[in-house]
Amino acid sequence: MHGELHPVSIGIVGVGKIARDQHLPALAAQPGFRLAACASPHSRVDGLPHYTTLDAMLADEPALQAVSLCTPPQVRFAQARAALAAGKHVMLEKPPGASVSEVALLAELAREHRCTLFASWHSRHAPGVEAAREWLARRAIVSVNVQWKEDVRRWHPNQAWIWEPGGLGVFDPGINALSILTRVLPHAFFLTGADLWVPANQQTPIAAHLAFTDAAGTPIHAEFDWRHDAGELWQIDVTTRDGTLRLAQGGKQLAIDGAEIDVGPEREYPSLYARFLELIASGGSDVDVRPLQHVADAMLLGRRHLIDPFVP
Ligand code: NAP
């Protein structure tokens, strides 16, 4: 529907790390979109009309058809509401909001305004994820172990929002693992308990251990840690009666019983934008709050351990 002659005119909101690392290159390579403007309080993109607020962008760029929100989650709802009210299709970076309820309301607003709302989960577009889902669909699961560990100083420099309420702390990367799990595991699961380690000077956890189970009582264990300075460990092991599946490097690698399977190159963000285009063309929305719901449950059920202050 949207060929090269009629690309969807799109604006980026929040020109920070992920916008520069992934969204700008993915949009530059996607003929279905034409990046028309950006809105960000301070940061600019060379050669692109710039606005300091989304409202100013919406007022001055009436031809915009879509916006992609790459801002921190705490400001996501107000921006998405304004864009939907202006009749724009909206793509949300993960997490889709600061609370579960606000995302449900956005989905309603999208329906009301006949716009597409795409709550994106980039890790679900990692190349090993769909192959893992297909393999697991026919298997009896025995247990699941998730190790999601990285150095916060390397991956989140100068990001004060991650330590504020709504910033998720270590769940900001950890929710990527939960987005994969909710996609690949064949049965619904729920949190039964959690331990959260919170630095005394911060609002959000720097580490978390989570216990989940499903209706069959399958043990699902996850460890998220931001104090890991020995490279990144973004790994999910699913033990089944037919062998163990490992998704490593955030879903880029897939192995069954140690034998690696070729899943092709990494193209998470190009795939996200292709999906957004598809949703716009079909008049649909894609809003799955389950990963965020699990994080909310961890905040509900988690036992908090106050630890030494963390100085970024
Ligand atoms: P970031 O580097 O702090 O960038 C966020 C940007 O949002 C800032 O540069 C800031 O712009 C802008 N901003 C803040 N408030 C705004 C507002 N009211 N209106 C418009 N722009 C505003 O954070 P990030 O790492 O890019 O993360 C953003 C989102 O992407 C988060 O939800 C995160 O979970 C997700 N994400 C991040 C990564 C990653 O590797 N970092 C990966 C995947 C997803 P100014 O610079 O102009 O002040």
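**The largest cavity and other local features**

Modeller: The largest cavity is lined by Ile-141, Val-144, Leu-185, Pro-186, His-187, Ala-188, Phe-189, Asp-214, Thr-218 and Ile-220. The structure is a predicted model. Sorted by class, this lining consists of seven nonpolar, two polar and one charged residues. The volume of the largest cavity is about 50 Å³. When cavities of 30 Å³ or more are counted, the total is one.

The next feature is a pair of helices. Two packed helices are described by the angle between their axes and the distance between the axes. Helix H5 covers residues 129–137 and helix H7 covers residues 171–184. Their axes are 9 Å apart, and the helices pack at an angle of about 40 degrees. H5 and H7 are therefore oblique to each other, since an angle under 35 degrees would count as roughly parallel and one of 65 to 115 degrees as roughly perpendicular. On the side of H5, the contact is made by Val-129, Glu-130, Ala-132, Arg-133 and Leu-136. On the side of H7, the residues in contact are Ile-180, Arg-183 and Val-184. By class, five residues of this contact are nonpolar, three are charged and none is polar.

The backbone also deserves attention. Most residues other than glycine have a negative phi, and most peptide bonds are trans. The peptide bond from Lys-94 to Pro-95, however, is cis, with omega near -15 degrees. Pro-95 is placed in the loop between strand S5 (89–92) and helix H4 (100–112).

Two further residues have a positive phi. Arg-114, a residue other than glycine, has a phi near 55 degrees. Arg-114 belongs to the loop between H4 and strand S6 (117–119). With a relative accessible area of 76%, Arg-114 is exposed, because the term applies to values over 50%. Asp-257 is not a glycine either, yet its phi is positive, at about 50 degrees. The loop that holds Asp-257 runs between strand S13 (253–256) and strand S14 (259–261). Asp-257 has a relative accessible area of 54% and is therefore exposed as well.

How values were computed
Residues are numbered from 1 along each chain as its sequence is written. This is a predicted model: local features need pLDDT of at least 70, side-chain atom pairs count only at pLDDT 80 or more; totals for chains, interfaces and linings use all residues. Side-chain values use heavy atoms; hydrogens and water are left out. Axes are lines fitted to C-alpha atoms, for helices over the stretch in contact, and angles run from 0 to 180 degrees between N-to-C directions. Helices (H or I, at least four residues) and strands (E, at least two) are DSSP runs, numbered from the N terminus. Angles under 35 degrees count as roughly parallel, over 145 as roughly antiparallel, 65 to 115 as roughly perpendicular and the rest as oblique. Contact means heavy atoms within 4.5 Å. Ala, Val, Leu, Ile, Met, Phe, Trp, Tyr, Cys and Pro count as nonpolar, Asp, Glu, Lys and Arg as charged, and the others, Gly among them, as polar. On a 1 Å grid over the protein atoms alone, a cavity is a set of points where a 1.4 Å probe fits but cannot get out, and a pocket is an open set with protein on both sides within 12 Å along at least five of seven lines; lining residues have an atom within 4 Å of a point. Grid points are joined across faces, edges and corners, and a volume is the space filled by probe spheres set on the points. Buried means under 20% relative accessible area, exposed over 50%, partly exposed in between (1.4 Å probe, protein chains only).
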